[in-house]
Amino acid sequence: MAKAKEKKPNLFMRIGMFIKQTIDETRKVVAPHGKELFAWSASVFIFVIFLMVFVTVMDFGLGKSVMWLFG
């Protein structure tokens, strides 16, 4: 005995449902306040600076080691 397949709603109903769900989820979003926004921005800035320094040191170190190894 095979199960009866559920029929999907038509394309326009699915698009409408998607838009409605998107709007519902967007209403749940809370924008950060000034201090919170500054704290997150500062932490992202510090993390980016850290990654830049890390990549620069790795590049310089690997470049020097390859030059030492191969001449």
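Predicted model: local features only at pLDDT ≥ 70, side-chain atom pairs only at ≥ 80, totals over all residues.
Looked up K28 first: the side chains of K28 and E25 meet in a salt bridge, 3.1 Å from N to O. The rule I used takes a side-chain nitrogen of Lys or Arg within 4 Å of a carboxyl oxygen of Asp or Glu. K28 counts as exposed at 58% relative accessibility, and E25 as partly exposed at 48%. My cut-offs there: buried is under 20% relative accessible area, exposed is over 50%, and partly exposed is in between, with a 1.4 Å probe and protein chains only.

Residues are numbered from 1 along each chain as its sequence is written, and side-chain values use heavy atoms, with hydrogens and water left out.

Back to salt bridges. The count comes to two. I found D24 and K20 joined in a salt bridge, also listed at 3.1 Å, N to O. D24 and K20 both sit in helix α1, four residues apart, about one turn of the helix. D24 is partly exposed at 30% relative accessibility, and K20 is exposed at 53%.

Next, the helices. I get two helices and zero strands in the chain, read as DSSP runs numbered from the N terminus (H or I, at least four residues, for helices; E, at least two, for strands). Helix α1 takes residues 11-27, and its 17 residues should span 24 Å at 1.5 Å a residue; I get 25 Å between the end C-alpha atoms, which agrees. The expected span is 1.5 Å times one less than the number of residues. At the start of α1, a side-chain oxygen of N10 comes within 3.2 Å of the backbone nitrogen of F12. I looked at E6 too: it lies in the segment before α1 and is exposed at 77% relative accessibility.

Then α2. It has 37 residues and reaches 53 Å from first C-alpha to last, close to the 54 Å expected. After α2 comes G71, whose phi is positive, near 95°. The UniProt entry, which is unreviewed, annotates residues 37-58 as "transmembrane region"; such annotations may be inferred rather than shown by experiment. I checked that span: 100% helix, 0% strand, with its end C-alpha atoms 32 Å apart.

Aromatics were quick, with one aromatic pair in the structure. F50 and F54 are stacked, 6.5 Å centre to centre with 20° between the planes. The cut-offs: ring centres of Phe, Tyr and Trp (its six-membered ring) within 6.5 Å, planes under 30 degrees apart for stacked, over 60 for edge-to-face, and tilted for the rest. Both F50 and F54 lie in α2 (residues 34-70), four residues apart. F54 is partly exposed, at 45% relative accessible area.

Last, the overall shape. The chain has a radius of gyration of 27 Å, whereas a compact globule of 71 residues would be near 11 Å. I took the radius over C-alpha atoms, with a globule rule of 2.2 Å times the number of residues to the power 0.38. The C-alpha atoms fill a box of roughly 75 × 50 × 25 Å along the principal axes. Of the 71 residues, 0% count as buried.

Key:
Polar contact = N/O pair within 3.5 Å; in protein donor to acceptor, adjacent residues only side chain to side chain.
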